[in-house]
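Please look over the sequence and the structure before reading on.

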Amino acid sequence: MMQEQPVLSIRQLSKQYGDGCTHCQHEDMKLEKNFCPVCKTVYACRSVSFDLYRGEILGIVGESGSGKSTLMKSLYFDETVTSGEGYLVDYENGHNNIFTESSQMKRHIRNTILGMVYQNPMLGLKMDFSSMSNIAEKQIAAGNRHVRQMEERSLSLLQHVKIPVHRSKEAPKNFSGGMQQRVQIAKAMSNNPPILLLDEVTTGLDLSVQADVLDLIKSIQRELNISMIVVSHDLAVIRMLADRTIVMLNGEIIEHGLTDQVLEDPQHEYTQQLVYSLL
Amino acid sequence: MLTIHNLQKSFTIHHLQKTFPALENISLHVKEGGFLGIVGKSGSGKSTILKSIYRTYMPQAGNIIFHSDAYGEIDLLQATTRQIVYLRKHEIGYVSQFLNVMPRTTALELVTQSLLDVGVEQQEAIARAKQALRHFDLEEKLWNSYPNNFSGGEKLRLNIACAIVKEPRLLLLDEPTASLDQASKVKVRESIEKLKAQGTTLIGIFHDLEFMEGLCDDVFTMMKISDKEVLA
């Protein structure tokens, strides 16, 4: 069997807020979690490396402040990485480091290869625009100029995420949290991205709506073979969705492996604590 | 088919600052199409062996050599997580006493999905799933309901149906008959016999020694590590 090529490879991704100082740049630096007490620099992601493969769901767990969201925002170019490399097989055959490309190329990658669903729908949607327009916006960004086509695509996506047709022209601000999240997913999928980034998409939703969203994510993966990175602090969500899981703490990956192995045979002290906290 | 060599597994529990040995120098072999039964007291490490083969547990030392269709001879402890994901889907099945399902997935969808995952066409997958459910006496009225409401026995049979329907080359059975009544046990036994006749390799843990009789080609007896020290 041939060696499988990842669709996304991240190598040594680091993101810090602040310039650092002689104290924290020292090799055996002493940080308070990921924070330098001397110069107040926050090391949000530290040398994060992983691979994502075609059609798989990769889980990322970790407590608040462990760097999960910063990692996702860096992958979607919402944040500029401090250092590190990223390669997409669907962009220049994986030869160019996406983080050092021009902002124009980054926009292109973001509009054609990536889809992002934020924990907070306010970040992913224009709340005053209709749901259709929200979805069309992403398609326009991806270069589509055919209005009828975009309309049809938007409608079929909204149907897919079970938003009734008669509410498709309504603005998401009128919708419930679960519906907003589903519109966001429809928007993220509208340019047929091979990679979807999902940041705490079920957090704050009630259990039955959460089940709807999980169902939707799973069916998207099955039907369209899209690769996904699912960030959640909810281990049950990760167990349902992901074959492989990464555990982050203080900006670093402290453990990674098969999801059931991470949950049943956790190696790191922190992962053990996390698993013991599972209800 | 599968050879385990000097397998060692211990669990380090950080908050107790203790390491508990679970397996010490386990070596065993199962031939293609064979059925190995593992017996031993509770806590002697029977399940730990199965979970190590399935890579739910990560042993500290040893080898588990598996003859894979896709990868040839492969040490499961050295295999990448992606390789294990593939093997779990296509070649190695695992049946435990517990059922873990997506919320709001019906029994029929669950079994069908496990076939779709390995690339079986939709129509055929549904047909085969129905056949498997019927075989394990899961009544038709249960097919479109959610397994969360099933009885223990029904859940277990559904679990077995899910694993067996894919006809894995190696099937690991972790006390699959533990909470079943006699009639259901007979059903499970029938299926295992059928799988064996088809050439499936099996490793199973059963408390019920009667159940294993005439089914296993070999029996591997586990001893608790603390008992071993007493003997020595």
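How many salt bridges does the rule find across the interface of chain B and chain A? In this predicted model, six salt bridges are found there, and one pairing of side chains that meets the rule is B:Lys9 with A:Asp265, at 2.7 Å from N to O.

**Interface of chain B and chain A**

- The contact draws on 27 residues of chain B and 28 residues of chain A, and the two chains bury about 2,400 Å² between them, with 52% of that area on carbon and sulfur atoms.
- On the side of chain B, the residues that lose the most area to chain A are B:Arg82, B:Met102 and B:Arg104, which together account for 29% of what that side buries.
- Polar contacts across this interface, counted with both residues at pLDDT 80 or more, comprise 14 residue pairs.
- The elements of chain B that give two or more residues to the side touching chain A are β1 (2-13) and α2 (81-90), and of these α2(B) gives the most, with six residues.
- Sorted by class, the side of chain B that touches chain A has 13 nonpolar, seven polar and seven charged residues.

**Sheet in chain B**

- Four strands of chain B form an open sheet with antiparallel pairing, in the order β2-β1-β4-β5, and its edge strands, each pairing on one side only, are β2 (18-30) and β5 (72-75).
- From one strand to the next, the twist averages 25°.
- Strand β4 (residues 61-68) of chain B is joined to the antiparallel β5(B) by four bridges, and B:Phe66 has B:Ile74 as its bridge partner in β5(B).

Notes:
Residues are numbered from 1 along each chain as its sequence is written. Chains are lettered from A and ligands numbered from 1 in the order in which they are written. This is a predicted model: local features need pLDDT of at least 70, side-chain atom pairs count only at pLDDT 80 or more; totals for chains, interfaces and linings use all residues. Side-chain values use heavy atoms; hydrogens and water are left out. Two strands pair if DSSP finds at least two bridges between them. Axes are lines fitted to C-alpha atoms, for helices over the stretch in contact, and angles run from 0 to 180 degrees between N-to-C directions. Contact means heavy atoms within 4.5 Å. Buried area is the accessible area (1.4 Å probe) that two parts lose on being put together, summed over both. A salt bridge is a side-chain nitrogen of Lys or Arg within 4 Å of a carboxyl oxygen of Asp or Glu. A polar contact is a pair of N or O atoms within 3.5 Å; within protein, one must be able to donate a hydrogen and the other to accept it, and residues adjacent in sequence count only if both atoms are side-chain atoms. Ala, Val, Leu, Ile, Met, Phe, Trp, Tyr, Cys and Pro count as nonpolar, Asp, Glu, Lys and Arg as charged, and the others, Gly among them, as polar.
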